[in-house]
Amino acid sequence: VSEASSGLKDIIYYNSADIASLTVFNRDTGHKAMIKNSVDANGKVYYEYLGDDAVTGEKYSQYHLADFESSMASFSVNSKVSSGNLGEYGLDNPAFTITINAVNGSVTTVYLGNSSPDGRYCYMYYSGSSDVYTIGIVKLSEASKTGIDFLDATIFSIDSSDLTSVHFDRQSDKLSLDAEVSVDSAGNTSFQIVKPYNHGTSSYFANMIRSVANLQVNDYVDINGSELSSYGLKTPEYHFILNVNDGQTIELFFSKS
């Protein structure tokens with residue numbers, strides 16, 4: 001395989017405000033990830049996840065969706081392949097098909113094929129051109145993302161002053177506590193254990209509850225019930241119940257570190 005040109009070169013680039021929707025189809029899984037864009041009066045772009053696995057009411061991160069769309073709508077290629085047919089590069093039946101629907105009505109389709117022999121690049125071409133290019137291999141992993149990768153890192157955020165009571169269990173020593181929450185005139189929150197005995201709490205306990213009440217995650221893992229034991233969640237080490245003054249009850253389970 002010879003190459004007609006080398007070095008990074010931008011061949012496709014879209015601003016988010018110019019995109020109406022973007023779809024990525026995964027040949028191997030049959031999954032379709034789709035993002036729909038909208039722009040407010042101030043020119044701010046909002047992203048809505050409409051993939052096959054989209055869940056109504058789920059919180060998807062605007063940052064994660066924007067990052068994904070930017071990656072799938074901009075291609076700076078490393079080199080152009082000057083000979084060979086699409087089948088040589090896995091592009092006769094591409095691993096990923098990316099469809100960019102522009103606001104002006106134009107449509108650009110990008111195809112991603114096999115990885116290169118050295119594993120550093122993958123092959124791609126796009127509608128309206130017969131040229132095959134190499135591009136960084138990271139595009140394949142980016143294109144394989146699904147809804148779970150776009151979930152908001154902040155699961156919920158509750159001010160400790162909005163809690164009415166908390167329950168805490170620790171499996172290893174069978175500790176089980178119930179605590180009530182009180183707020184003084186200055187807005188400071190304190191916790192008082194009321195079961196199995198009546199006792200004040202340390203700053204460690206208060207900080208633990210505040211941390212749990214403002215829960216952020218690093219990553220999501222999609223598992224089924226049979227896999228809970230593998231993650232230490234068949235019999236969780238820690239169990240929390242947070243009762244909020246609006247009537248909401250939140251129950252959380254954590255494994256050991």
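## The largest cavity

About 40 Å³ of space lies in the largest cavity of this predicted model. The structure holds 1 cavity of 30 Å³ or more. Rolling a probe the size of a water molecule over the atoms shows where empty space is left.

The lining of the largest cavity is formed by Val24, Phe25, Asn26, Thr29, His31, Ala33, Phe96, Ala143, Ser144, Lys145 and Thr146. Strand β2, spanning residues 19-26, gives the most to this lining, with 3 residues. Sorted by class, the lining comprises 5 nonpolar, 5 polar and 1 charged residues.

## Overall architecture

The protein contains 3 helices and 17 strands. Its radius of gyration is 25 Å, whereas a compact globule of 257 residues would have a value near 18 Å. Taken along the principal axes, the box filled by the C-alpha atoms of the protein is roughly 80 × 45 × 30 Å.

## Burial, contacts and surface

Of the 257 residues of the protein, 37% count as buried. The accessible surface of the protein comes to about 14300 Å², and 47% of this surface belongs to carbon and sulfur atoms.

## Serine 160

Serine 160 is placed in the loop between β10 (154-157) and β11 (163-170). The residue has a relative accessible area of 9% and therefore counts as buried, the cut-off for that class being under 20%.

Leaving aside neighbours within four places in sequence, the residues in contact with serine 160 are Val181, Thr189, Phe191 and Arg210.

## Asparagine 214

Asparagine 214 belongs to strand β15, which covers residues 214-216. With a relative accessible area of 36%, asparagine 214 is partly exposed, because this value falls between the limits of 20% for buried and 50% for exposed residues.

When residues up to four places away in sequence are not counted, asparagine 214 touches Phe156, Ser157 and Ile158. Of these partners, Phe156 and Ser157 fall in the range given for β10 (154-157). Asparagine 214 and glutamate 48 lie 166 residues apart in sequence, and their C-alpha atoms are 24 Å apart in space.

Key:
Residues are numbered from 1 along each chain as its sequence is written. This is a predicted model: local features need pLDDT of at least 70, side-chain atom pairs count only at pLDDT 80 or more; totals for chains, interfaces and linings use all residues. Side-chain values use heavy atoms; hydrogens and water are left out. On a 1 Å grid over the protein atoms alone, a cavity is a set of points where a 1.4 Å probe fits but cannot get out, and a pocket is an open set with protein on both sides within 12 Å along at least five of seven lines; lining residues have an atom within 4 Å of a point. Grid points are joined across faces, edges and corners, and a volume is the space filled by probe spheres set on the points. Helices (H or I, at least four residues) and strands (E, at least two) are DSSP runs, numbered from the N terminus. Ala, Val, Leu, Ile, Met, Phe, Trp, Tyr, Cys and Pro count as nonpolar, Asp, Glu, Lys and Arg as charged, and the others, Gly among them, as polar. The radius of gyration is taken over C-alpha atoms; the globule rule is 2.2 Å times the number of residues to the power 0.38. Buried means under 20% relative accessible area, exposed over 50%, partly exposed in between (1.4 Å probe, protein chains only). Accessible areas come from the Shrake-Rupley method with a 1.4 Å probe; for residues, only the protein chains shown count as cover. Contact means heavy atoms within 4.5 Å.
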